[in-house]
Amino acid sequence: MEREPKKFSSPEPIKVSDSDPHFSKEVAKVAGTDLNACLTCMSCSGGCPMYQYMDYGPHGVMRLIVLGLKKEALTSNTIWRCLGCHTCAAVCPMAINIASVMDYLRQECLTEKLPVGDKPLWEFHRCMMNTARRHGRVHKVELMTEHKIRTMGLGPKAWFQDAIIGQKMILMGKLHVMPSRIMSTGRAQVRKILDAGPWKNY
Ligand code: SF4
Ligand code: SF4
């Protein structure tokens, strides 16, 4: 993954007409976090392991929400590159639950059918949910195979790029060729939970 130049240093002006005054209230309601409390201290971005790969970083996305710049926040690659590690929330002096805000923004991006900020990462999410739907848990070989086909097609690069590391992982017992499934009632429950989200129709 390449380092990402930050968008807030862009010369493009922010237009007041693009601002949705209800957006920060909607986020606060769902995420249980009042983002107006944010001090823009950047502690969250300072501790974020993915900050260098994000277009705004967590503090930048919090600012977009406060400014009501909904589309900018929902199409940002930050929300997809977030690992959900909660480091930001742990260091935030205002106890803002940033990881749950990121979850909400991802859901909203899919619900509103906006372009995702990182297509291959979104495909990874989709493939993970597909394999979890089938088996009730993630089957890594299936996940990697589907992800390669979706993002790289059927060419030789897709099949041989990770062949050596894949062999090593199989020999170390980290990858299993056959999926391990949970019981059918559990699989049905997992499917029900996953199908309730907006991802399936995206
Ligand atoms: S650490 Fe908390 S208060 Fe500071 S910028 Fe991030 S969200 Fe805002
Ligand atoms: S939860 Fe996301 S935004 Fe927060 S520190 Fe981890 S990767 Fe960064």
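I began with ligand 2, whose shell divides into 11 nonpolar, 4 polar and no charged residues. A reminder to myself before going on: this is a predicted model.

I then listed who sits around ligand 2. There are 15 surrounding residues, and the closest are Cys48, Cys82, Cys85, Thr87 and Cys88. Two elements give two or more residues to this shell, helix H6 (87-91) and H7. H7 gives the most, with 3 residues.

Next I turned to ligand 1. Here too I found 15 residues around the ligand, with Cys38, Cys41, Cys44, His59 and Cys92 the closest. By class, the shell around ligand 1 holds 12 nonpolar, 3 polar and no charged residues. Helix H2 (43-47) and helix H3 (57-66) each supply at least two residues of the shell. The largest share comes from H3, with 3 residues.

Which residues touch the most other members of the largest nonpolar core? They are Ile65, Ile98 and Leu105, out of 32 residues in that core. Helix H1 (23-31), H3, helix H4 (70-74), helix H5 (78-81) and helix H7 (98-111) each supply at least two residues of this core. H7 gives the most to the core, 8 residues.

Setting aside neighbours within four places in sequence, I see Leu105 in contact with Ala73, Leu74 and Ile79.

Then I went to H1. Its buried residues include Phe23, Ser24, Val27 and Ala31. Why do they lie on the same side of H1? They do so because they cover an arc of only 95° around the axis. I also checked what the buried residues of H1 pack against, and found H3, H4 and H7. Just after H1, I noted that Gly32 takes a positive phi of about 65°.

My last stop was a helix pair. Two packed helices are described by the angle between their axes and the distance between the axes. For helix H8 (residues 119-135) and helix H12 (residues 184-195), I have an angle of about 145° and axes 7 Å apart. On the H8 side, the residues that meet H12 are Met129, Ala132, Arg133 and His135. Their partners in H12 are Arg187, Val190, Arg191 and Leu194. I sorted this contact by class as well, and it has 4 nonpolar, 1 polar and 3 charged residues.

Note on methods
Residues are numbered from 1 along each chain as its sequence is written. Chains are lettered from A and ligands numbered from 1 in the order in which they are written. This is a predicted model: local features need pLDDT of at least 70, side-chain atom pairs count only at pLDDT 80 or more; totals for chains, interfaces and linings use all residues. A residue is near a molecule or strand if its C-beta atom, placed from the backbone, lies within 6 Å of it. Helices (H or I, at least four residues) and strands (E, at least two) are DSSP runs, numbered from the N terminus. Ala, Val, Leu, Ile, Met, Phe, Trp, Tyr, Cys and Pro count as nonpolar, Asp, Glu, Lys and Arg as charged, and the others, Gly among them, as polar. A nonpolar core is a set of buried Ala, Val, Leu, Ile, Met, Phe, Trp, Tyr and Cys residues joined through C-beta atoms within 7 Å. A residue is buried if 20 or more other C-beta atoms lie within 10 Å of its own, exposed if 12 or fewer, and partly exposed in between; C-beta atoms are placed from the backbone. Two residues are in contact if their C-beta atoms, placed from the backbone, lie within 7 Å. The arc is that of the directions from the helix axis to the C-beta atoms. Axes are lines fitted to C-alpha atoms, for helices over the stretch in contact, and angles run from 0 to 180 degrees between N-to-C directions.
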